Amino acid sequence: MKELIPKDEYGVFADTKDTARVDSLFVAEFFEKEHFHVLRDISRITDTKSGLSKEFTASNFEPSTYKDKTGRKLPCHYMTRDGFTMLVMGYTGAKAMRFKELYIRRFNEMESFIKTLVSARQEFPLLTAKVCHGKVYWNCSTYLTYGKGSCFGKQIPEETLQSLATQVLDLPTFDAEIFAAQIAELEVPAPNQVLFRFADGGQVLTSWQDHSRRESWTEDMRQAARIRAIEQRRCG
């Protein structure tokens, strides 16, 4: 299954239909169960004699496969919030309750992030969203459809795109409604350039610069780099 938002440390992700799901492998790990036991429980739930409708099981339990360390292709399931809830309903004990709460909270966070992403698509309908490390980036749809030869575009951080739009529209802060009402089209005529075409026929060409990797480093990352550099000098 393709992922719109990659799996986090709990195995929760968003599929391309804007639905939050969780990988059964991670559920088995966090609830301290063998994966084949989790698959057995899912099999019982999705059995035609379980009492659940085919529509429910088809919507909330997506069968898939993964490769283990030896290269074997093995089964797993991707579950929605409702599927996960149905599965862990029978898991008891204090530790199981803590993990139930954790996953409910994580599903809430992922669904909130998905809503933000859907809203952003409405703000920038000519671009396609990509999520990396929890941040939203935008690509030209022509680039994604026809490749590099058809478009100069590269991914643009959402915060950069909103900043450009705010300047072009002469606003104190970004306003999605004003953007949708006044901007008819976005074009990428050259690398690091965005052409804003207004609904009234006007246009404004803007440019932006990539942030250097060092500018995006956290203090922990900088400290780790210092330690590596010291160790390398010692080894040298």
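Phe30 is buried, at a relative accessible area of 18%, where buried means under 20%, exposed over 50% and partly exposed in between, with a 1.4 Å probe and protein chains only. The model is predicted, so local features need pLDDT of at least 70 and side-chain atom pairs count only at pLDDT 80 or more, while totals for chains, interfaces and linings use all residues. Residues are numbered from 1 along each chain as its sequence is written, and side-chain values use heavy atoms, leaving out hydrogens and water.

Phe30 and Phe99 form an edge-to-face aromatic pair, 5.8 Å centre to centre with 70° between the planes; rings of Phe, Tyr and Trp (its six-membered ring) pair if their centres lie within 6.5 Å, and planes under 30 degrees apart count as stacked, over 60 as edge-to-face and the rest as tilted. This pair links distant parts of the chain, since Phe30 belongs to helix 1 and Phe99 to helix 5 (residues 94-123), 69 residues apart; helices are DSSP runs of H or I with at least four residues, strands are runs of E with at least two, and both are numbered from the N terminus. Phe99 also counts as buried, at 19% relative accessibility. Phe30 and Phe99 belong to one aromatic cluster, which includes Tyr10, Phe84 and Tyr103 among its members.

In helix 2 (residues 35-46), the buried residues are His35, Val38, Leu39, Asp41, Ile42 and Ile45. Seen down the axis of helix 2, these fall within an arc of 160°, so they line one face, the arc being that of the directions from the helix axis to the C-beta atoms. On the other side of helix 2, Phe36 and Arg44 are exposed.

Note on methods:
The expected span of a helix is 1.5 Å times one less than its number of residues.
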